[in-house]
Amino acid sequence: MQFDKPATTNPIDRLKVVGKPIHRIDGELKTTGRAIYAYEWHDPNMRYAYGYPVGSAIAKGHVTSIDSVAANNAPGVLGVVTTLDVGDLQKGKLNTAKLFGGSEIQHYHQAVAVVVAETFEQARAAAHLVQVEYAPEKGRFDLRVELVNAGAPDPSTEPESSAGDFQTAFAAAPVTLDAEYTTPDQSHSMMEPHASIAAWNGDEVTIWTSSQMIDWWRTDLATTLGVDKEKVHLMSPFIGGGFGGKLFLRADAVLAAFAAKSVGRPVKVALPRPMMMNNTTHRPATIQRIRIGAEKDGRITAIAHESWSGDLLGGGPETAVMQTRLLYAGANRMTAMKLAVLDLPEGNAMRAPGEAPGLMALEIAIDEMAETLGMDPIAFRITNDTQVDPENPERPFSQRDLIGCLKLGATKFGWDEREKPATRREGDWMIGIGVAAAFRNNLVMPSGARVKLDRNGVVTVETDMTDIGTGSYTIIAQTAAEMMGVAMDKVAVHLGDSRFPVSAGSGGQFGANSATSGVYAACVKLREAVASKLGFNSADVVFDNGEARSGNRVIALAEAAGEDGLVGEDTMEWGDLTKTHQQSTFGAHFVEVGVDIATGETRIRRMLAVCAAGRILNPITARSQVIGAMTMGAGGALSEELAVDTRHGFFVNHDLAGYEVPVHADIPHQEVIFMDETDPYSSPMKAKGIGELGLCGVSAAIANAIYNATGVRVRHYPITLDKLIGGLPEVA
Ligand code: MOS
C-alpha cells in the first residue's frame, strides 16, 4: 500500500482498541522471567559452548601476532578464533568501524579474538591467556585539537543550510547572543548487553541476538560472513533496550558465527559490560556555537547554529543542528557542521541523534536570549513560533502545537511561581524551575507484515519488527484487533524473526507509526480476502465483534476463515507527504530542581512533559517511553560522560560504576501529558513518534532550572557540582 494522500476516516478511527490504555501483552512474560532474551535461548538438544571476546589493547595500529597456545591448553577450551585467522572480512554497509577480521586496529577494544570453552568461566579465564602483540600508531583522540588541526574550524563557509543573509542581519541586530556549548560522548548503556548465539546447520546459520533492525543485521552479517543472505536466519523477539546501540550489526554476532563454525557447536557470545563502551558505538561529543540576533521586541532576525563533532574516517557528523533549521522563525539563518577524524570508537546514533545534543545547546541559548531581552522564556518561544518551515516557507508543518504544549505545561507546572535567579530558598536548597521546547522530526520507513486468520477466529501478526521495550507487541495487537474487529485476546503477535516480512524496525522513533501502518496495510489485504471469500463487497463490509457484516448478512470470522484460514500480506510504502509537509513532533519540558547551596549537588524535584505527537496509540506504553526518555535526559544533564583518555584513545569509565546513569533515587515525580492530536499526513494511523521526542530538550530544561536556582549558567554538560560551586553564594 502506498500512503500518498492525507488519511481520511478509516477503521482505526473507531478507537475501540487503538488509543486505549492497554497493558503490555508481553508484560506477564517479562515480569515472570519467561520472555527469552538473546543469551538465554536454550534448546535441550543443543550442546552450547561459550565464547568470550578479547578486545584490542590499542586504539590504532596493527596486530602483529597472536599467541593462543596457552589459551587453547586451558581447561575446557574448545578453540580460539583470532582476527588474524579469519583474515580481512568485507564490512557490512552500515558499520563504519570494522567488527572483526584482519590485522588493522581502528579503535580500542575492537574484537581481536574469541575464546570458546565448555563453560563461560573457562572461556573467560582462558581469554586472559591470549597474548596479542601490536604495532601501535599515533592516533587522533582529542576533538578540539583535531578541529584546530583541520584548519580554521569555521564551518560557516560551507553552510549545511541557509536562508537570507545571516551575517548582515546578525551584525545589525540590537540584541545578540554568541555562545559555545559542549556535550560529551555518551554511552547507550542499555540493560541487556549485546549478545548472540550462533548455530550452523550445514551452510545455514541461525543467530539468536539482540537487534533493533533484523533486516539490516541480516544483510550485513551475510556480507561479513561471505554467505548468501538467504542462508542467514536472525531471531530477536525480546530486547532489553537498545537506544540506537543495536541498530547496526555488532561484534557479538560475528564472533558467535565464526566461533560456532570453528568448534562445530552452537556458541553463545555476550560482550562483557566493560567492553561495551569501547567496542560498540556511542553518541559523539559536540562543540556547538550558537548565534542569535533579535529585535528588542523579541523577534528573532538572525539565527545560526554550528556543530563540530568527530568520528572515525568514513563516519558522519552528529547532526546537532537539525532542529535549528525548523524550530524557530527568523528570516536570516544558517546551520553548519564540521567533522574531525578521530580514532576513538565509532560515533553513531543514540536516541534522538542530532536533536538530543542539539537541543541541549539550543534551548539553553534560547533561555539566555530571553533573559537578555528581559522576556519570559515561554513568551520568547511563542513570539518566534512558525507554522511553516522557516527555510522553505511554502512548506507548512503537517501539525505543530508547540505553543499549546508550552501554555498547557506552564499552567499545570505552576510556571507563574518562577522567581528571579538565585532567589528561592528552602533550607540548604536553592530552588529553580526551567523550561525547554522539545522537537524531533517524524520519520517514516517502509514496513511489512503478514496477518493470518484461522478457523478459531484468531488473528496472528507476523513481522520482523522488534520490541526494544517500547511496546511494539501491544500496539501491533491493538492495530490488528481494531482493523479486524476482534478482541485483543483473539490476536497473537510474533516479532523479530527474519522469516517474517521486513518491517521498519525500531529506530529514529519511526517504529510505532511505521510498523502499525504496515500491519494496517496487511489487514486491509486480509479484510479483502475475507470479503472476497464471503462474496461481500469489500467497500461496505464491517468488521466488528469477531464478525464480518454486509447488509443483513453476518458471518463469524472463524467461519469465514474455514479450515485453511486466510492470509493478508503487504508493505506500507510512503509517498511525498513528508516532502510537501514538514512532519515533526513537539513538546515542552518543565523541571524543578534544588541545588545544595554548600555542595552544589543538584536534585531534580519535579518533571513534566507535554507532548504533541499525533495520535497516541496507547497512552500507557507512550507514557513509559516519555518517562524513560526524561530519565535519560536527567542523566545527560547531570552525570553521563564518557571520559576520553586523549593519550591512548579510549573511554576510561567503561562500565556502569564509572559511567553514571540515573537510578530510581535520582528521579522524582514525573508527569506526562499528551495533546489530543491526530495527524492525517503521517499515516493511516495518524500517529507519530514519541520515544525520542521525550528526550529532546530535557537536559536543557534541567540546565535552565539550575540557572534559575543558582544564577550560575553552565554551558558544558554534564552539569556536575564542580561547575557550579564556584558561583554559589559565599555564605550559605
Ligand atoms: Mo534510534 S538512535 O534510531 O535507535
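Biologist: At what angle do helix α17 (residues 619–638) and helix α18 (residues 698–710) pack, and how far apart are their axes?

Modeller: This is a predicted model, in which local features need pLDDT of at least 70 and side-chain atom pairs count only at pLDDT 80 or more, while totals for chains, interfaces and linings use all residues. Residues are numbered from 1 along each chain as its sequence is written, and side-chain values use heavy atoms, with hydrogens and water left out. Helices are DSSP runs of H or I with at least four residues, numbered from the N terminus. An axis is a line fitted to C-alpha atoms over the stretch in contact, and angles run from 0 to 180 degrees between N-to-C directions. Here α17 and α18 pack at about 55°, with their axes 7 Å apart.

Biologist: How is the relation of α17 and α18 described in words?

Modeller: Angles under 35 degrees count as roughly parallel, over 145 as roughly antiparallel, 65 to 115 as roughly perpendicular and the rest as oblique. α17 and α18 are therefore oblique to each other.

Biologist: Which residues of α17 and α18 meet?

Modeller: Contact means heavy atoms within 4.5 Å. In α17, M630, G633, A634, G636, A637 and L638 meet V698, S699, I702 and I706 of α18.

Biologist: Which residues touch the most other members of the largest nonpolar core?

Modeller: Such a core is a set of buried Ala, Val, Leu, Ile, Met, Phe, Trp, Tyr and Cys residues joined through side-chain atoms within 4.5 Å, where buried means under 20% relative accessible area with a 1.4 Å probe, protein chains only. Among its 88 residues, I292, L327, F590, V593 and I702 touch the most other members. Helix α10 (residues 355–373) gives this core its largest share, 11 residues.

Technical notes: Buried means under 20% relative accessible area, exposed over 50%, partly exposed in between (1.4 Å probe, protein chains only). Helices (H or I, at least four residues) and strands (E, at least two) are DSSP runs, numbered from the N terminus.
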